[in-house]
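Trainee: I have a structure open and would like to read it step by step. Can we go through it together?

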Amino acid sequence: MPSNTPLLDELEKGPWPSFVKEMKRSAGKNAKAKDLLGVVEQSYKDKITHWKHGGIVGVTGYGGGVIGRYSDLPENFPNAEQFHTIRVNHPSGWFYTTKALRTICDIWEKHGSGLTNMHGATGDIILLGTDTDQIQPAFNTLSENGFDLGGSGSALRTPSGCVGPARCEWACFDSLDLIYDLTQTFQDELHRPRWPYKFKIKASACPNDCVAAIARADFTIIGTWRDSLRIDQSAVGEYAAKGLDIKNLIAGKCPSQALDYDEKNRKLTLKPEDCVRCMHCISKMTRAIRPGKETGATILIGGKAPILRGAFLSWVLVPFIKVDPPYAEIKQLLEKIWDWWDENGRNRERIAETISRLGLKDFLKAIDLRPIPQMVYHPRSNPFVFF
């Protein structure tokens, strides 16, 4: 018997797992998921989308967290006419218990299509496909089980960070606690859109930047250290004895040539003033090299994907800042940035675009920061990476 979705079937033939397989599995027990297959198949056939975004949908007391979505083919696929998305605030570092995951799935099978996206670009749990009359009941049940909505629209998007000290020995600050604290502190900014456009906060606890914060966040917090790398020379000797080409693969790859390797004595030396803290040597010689002891973070600003202007990478705003509870200095800096952006930003203009249009000088003056050589004139562009 021929398939009703021959074009979608093609997507299942590649070497990688396909979302079509999961949609078909849900379609076997949910009418909305079944009609979703039809809408997507029709979109491939017609080479246009059959989704209409927008519409005022939400829950009591919140301005965001729910994204309205409608099909323009309700007569053909009535169960997918309304297919709204609910964003659920994720826990710091994306740590879940299996009980929590089962709870989310049970709630969504009752109130929606059963389809989820773990996770969206911001990091939220994305619950795909529900009707308008099911949004409030779904939210009420989520709340009763300890979950809250994430951000959407022209608001603070759900802050996110790497697993940090929970699983990474290179963490220079507690990214989990910082993200949780910022999320709790800025509930109004998260749930009640009032800015020119969205604002993302992401934190990576070391310069490896595992959450790609530099490319994806308006306000980027990258763990770093102010003193010198710690080098265990005996461990360096062990790496050399095992055949690691330290001269070419470690010292030779140092972007600032801050490392020098004495092959005869199997000794690695560092010029601390030249180290740019890229983590290459640490990542390659994990038992021999460690970050310094005086840890904190670098604050960067301006990462974004193309909207009004091209994609930007974040650039340095504060070279080093201590990151300790209650994080007052970081919160004060955020509030100053938001005040200036809210006053000067145009509709759908990210903070990087506002700064680029009005100039770094005025921005720094407004947020009470003195210009220093580590800052640059305008956002670094273009990353050629699209997240």
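Trainee: Among contacts between residues at least 6 apart in sequence, what percentage join residues at least 24 apart?

Mentor: This is a predicted model, where local features need pLDDT of at least 70, side-chain atom pairs count only at pLDDT 80 or more, and totals for chains, interfaces and linings use all residues. Residues are numbered from 1 along each chain as its sequence is written, and side-chain values use heavy atoms, with hydrogens and water left out. A contact means heavy atoms within 4.5 Å. For residues at least 6 apart in sequence, the share of contacts joining residues at least 24 apart is 65%.

Trainee: How many helices and strands does the protein have?

Mentor: Both are DSSP runs, numbered from the N terminus: helices are H or I with at least four residues, strands are E with at least two. The count is 14 helices and 15 strands.

Trainee: What percentage of the residues is buried?

Mentor: Buried means under 20% relative accessible area, exposed over 50%, and partly exposed in between, with a 1.4 Å probe and protein chains only. The protein has 387 residues, and the buried share is 48%.

Trainee: How are helices α2 and α3 oriented to each other?

Mentor: Axes are lines fitted to C-alpha atoms, for helices over the stretch in contact, and angles run from 0 to 180 degrees between N-to-C directions. The axes of α2 (residues 19-27) and α3 (residues 31-46) come within 7 Å and cross at roughly 140°. Under 35 degrees counts as roughly parallel, over 145 as roughly antiparallel, 65 to 115 as roughly perpendicular, and the rest as oblique. The two helices, α2 and α3, are therefore oblique.

Trainee: Which residues of α3 make the contact with α2?

Mentor: On the α2 side, the contact uses F19, M23, K24, S26 and A27. On the α3 side, the residues are A33, K34, L36, L37, V40 and Y44.

Trainee: Is C281 buried or exposed?

Mentor: C281 is in no disulfide, and the nearest cysteine sulfur, that of C278, is 6.2 Å away. With a relative accessibility of 9%, C281 counts as buried.

Trainee: Where does T122 lie?

Mentor: T122 is buried, at 7% relative accessible area. Beyond its neighbours within four places in sequence, its contacts include H90, R157 and R216. T122 sits in the loop between β5 (115-118) and β6 (125-128).

Terms used. A disulfide is a pair of cysteine sulfur atoms within 2.5 Å.
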